[in-house]
Amino acid sequence: MLGGFDAKGKSSRRAYVLDCKSHQWRRLPKMLIARKGAAANVIDGKIYVYVGFSSVYNNGVNGGEIYDPKTQTWEPFPQGEEDFSNKEGVTRCDF
């Protein structure tokens with residue numbers, strides 16, 4: 001679960017991951033950009049999150065960020081890799 005929105009419709013930087021071994025949700029460090037309706041995929045053990053909406057006004061968020069579970073940090077997409085929207089296996093999270 002990446003991003004989302006609160007009762008007032010504001011986007012969120014919160015992120016959670018489901019541990020399939022323990023069947024427990026675990027909170028990740030906050031993302032760099034608040035977003036809702038983002039798309040995500042796991043590539044080489046890292047979580048790639050991109051686009052989404054930034055506010056109740058549905059302003060689009062460009063680019064994305066990558067979560068590295070080894071360092072437990074988020075970083076922006078490298079230059080030139082901003083669009084993963086056409087990659088296989090990408091999941092859009094519309095809640």
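User: What makes a residue count as a contact of Glu-65?

Analyst: Contact means heavy atoms within 4.5 Å. Neighbours of Glu-65 within four places in sequence are left aside. The contacts of Glu-65 then include Met-31, Leu-32, Arg-35, Tyr-48 and Trp-74. This is a predicted model: local features need pLDDT of at least 70, side-chain atom pairs count only at pLDDT 80 or more, and totals for chains, interfaces and linings use all residues. Residues are numbered from 1 along each chain as its sequence is written, and side-chain values use heavy atoms, with hydrogens and water left out.

User: Why is Glu-65 called buried?

Analyst: Buried means under 20% relative accessible area, exposed over 50%, partly exposed in between (1.4 Å probe, protein chains only). Glu-65 has 1%, so Glu-65 counts as buried.

User: What makes the link between Glu-65 and Arg-35 a salt bridge?

Analyst: A salt bridge needs a side-chain nitrogen of Lys or Arg within 4 Å of a carboxyl oxygen of Asp or Glu. The closest N and O atoms of Glu-65 and Arg-35 are 2.8 Å apart, and the pair forms a salt bridge. The two residues sit in distant parts of the chain, 30 residues apart: Glu-65 in strand β5, Arg-35 in the loop between β2 (24–27) and β3 (39–43). Strands (E, at least two residues) are DSSP runs, numbered from the N terminus. Arg-35 is buried, with a relative accessible area of 0%.

User: Which backbone atom lies 2.5 Å from a polar atom of the Glu-65 side chain?

Analyst: The backbone nitrogen of Leu-32.

User: How many salt bridges does the structure hold?

Analyst: It holds 2. Asp-68 forms one with Lys-46, the closest N and O atoms being 3.8 Å apart. Asp-68 lies in strand β5 and Lys-46 in strand β4 (residues 46–50), so this pair ties together parts 22 residues apart in sequence.

User: Are Asp-68 and Lys-46 buried or partly exposed?

Analyst: Asp-68 has a relative accessible area of 14%, so Asp-68 is buried. Lys-46 has 28%, so Lys-46 is partly exposed.

User: How do you know that β1 and β2 pair?

Analyst: Two strands pair if DSSP finds at least two bridges between them. Strand β1 (residues 16–19) and β2 have 4 bridges, in the antiparallel sense. Val-17 stands opposite Arg-26 in β2.

User: What lies between β1 and β2 in their hairpin?

Analyst: There are 4 residues between them. His-23, in the turn, has a positive phi of about 60 degrees.

How values were computed
Polar contact = N/O pair within 3.5 Å; in protein donor to acceptor, adjacent residues only side chain to side chain.
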